[in-house]
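Good morning, and thank you for coming.

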Amino acid sequence: MKTISIICQKGGVGKTTAVVNLSTIFSKKGYKTLIIDLDPQGNVSTYLNFDKNTKNVTNSIDLLSGVTEILTGELSENLSIIPSNKEIARYNDEKIIGGAKISKLKKYGLFNEFDFVFIDTPPTMSSLVQEGIAASDYYLIPTKPEFLAIEGVAQAMSFAKATLKNTPNVNAIFLGVLLNQIETRRASYEEFLSELEYLLGDRLFKTKISHLTEIADSPFYGKTVIDFNKESKARIEFYKLAEEVIERVEKNEKIT
Ligand SMILES: Nc1ncnc2c1ncn2[C@@H]1O[C@H](COP(=O)(O)OP(=O)(O)OP(=O)(O)O)[C@@H](O)[C@H]1O
Ligand SMILES: [Mg+2]
């Protein structure tokens, strides 16, 4: 079982979009996949049309309260969810990790039936994001090609590093930075890209996701990129991204 959290304190960079589309593709590939939503906004449920108030389903506040078993919501074949609950907002203001609770549940084997777990996190530097990082084998940082993005990525990277340094017995690996919502025709794009490549080297994902109306509109219809036809750019790019995520994970597994 491998856990990947998607983090960035900057809002609207595509964290939830990445979680929703990657996990759906992973489930279609046959991996048993779980999404954990640690964002009080609860956007994953909205994107995937899942009723957060479904009875008897474990939610993220339950995880933080130390459950001993989980009952996940079922989204489709191989795809399950632990939805968010707005009560976790109270953890969103805390700056210091309260003991890596979800990481402990993982060690007890609560998520063992899954091949991959994707964790969506809020746009904050809070204990919720720290919970996500501490419970993960890998973390991925999405960003948009805009003026303050590089600063945002650097801040996310150092937040993750500090979290890992200050939390005993956790060791998530930085999977890379995903450049999302690119517009290659924009004059500033090439300059932005070369600066990011210079700073990150191969930590920048080769696959980039274009700014596409179909991606922006898909949640309105409860759709993900797998619902688009095979020639759709959004679908092709996200499948490529899924392949690159798998490649990067496999490469790390060989080294470690
Ligand atoms: N590649 C893309 N092309 C077009 N629109 C996109 C793309 N990626 C994301 N969006 C849109 O941008 C908005 C923000 O995306 P998303 O909700 O995934 O960001 P987020 O980082 O999870 O935001 P938050 O920090 O608030 O949780 C959404 O309306 C989403 O549909
Ligand atoms: Mg989000």
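Let me begin with a definition: two strands are said to pair if DSSP finds at least two bridges between them. With that in mind, consider Lys2, which stands opposite Phe116 in strand E5. Please keep in mind throughout that this is a predicted model.

Lys2 brings us to strand E1, which covers residues 2-6. How many bridges join E1 and E5, and in which sense do they pair? There are five bridges, and the sense is parallel. Further along, Ser5 stands opposite Ile119 in E5. E1 also pairs with strand E6, residues 138-143, again in the parallel sense, over three bridges. One position to look for on that side is Ile6, whose bridge partner in E6 is Leu140. Is E1 enclosed or open to the outside? Four of its five residues are buried, so E1 is largely enclosed by the rest of the structure.

Let us now turn to strand E2, residues 33-37, where five of the five residues are buried. Thr33, Ile35 and Asp37 point one way from E2, while Leu34 and Ile36 point the other way, and all of them are buried. E2 runs parallel to E5, to which five bridges join it. In that pairing, Thr33 stands opposite Phe116, the residue of E5 that also stands opposite Lys2. E2 pairs in the parallel sense with strand E4, residues 79-82, too, and there are four bridges between them. Within E4, Ile82 is the bridge partner of Ile36.

Is Leu179 buried or exposed? It is buried, because 27 other C-beta atoms lie within 10 Å. Leaving aside neighbours within four places in sequence, Leu179 is in contact with Thr143, Pro145, Leu196, Leu204, Phe205 and Lys208. By contrast, 32 Å separates its C-alpha atom from that of Lys104, 75 residues apart along the chain.

Next, the helices. The axes of helix H5, residues 127-134, and helix H6, residues 149-166, come within 10 Å and cross at roughly 70°. H5 and H6 are therefore roughly perpendicular to each other. Where they meet, H5 contributes Gln130, Ile133 and Ala134, and H6 contributes Ala160, Thr163 and Leu164. By class, this contact has four nonpolar, two polar and no charged residues.

Finally, the ligand. Which residues come nearest to ligand 1? Of the 19 residues around it, they are Lys15, Thr16, Thr17, Pro123 and Ala216. Helix H1, residues 15-28, and helix H8, residues 213-217, each supply at least two residues of this shell. H1 gives the largest share, with three residues. By class, the shell has seven nonpolar, 10 polar and two charged residues.

Thank you for your attention.

Definitions and conventions
Residues numbered from 1 in each chain as written. Chains lettered and ligands numbered in written order. Predicted model: local features only at pLDDT ≥ 70, side-chain atom pairs only at ≥ 80, totals over all residues. Axes fitted to C-alpha atoms, helices over the stretch in contact; angles between N-to-C directions. Parallel < 35°, antiparallel > 145°, perpendicular 65-115°, else oblique. Contact = placed C-beta atoms within 7 Å. Nonpolar A, V, L, I, M, F, W, Y, C, P; charged D, E, K, R; others polar. Near = placed C-beta within 6 Å. Buried ≥ 20, exposed ≤ 12 C-beta atoms within 10 Å, placed from the backbone.
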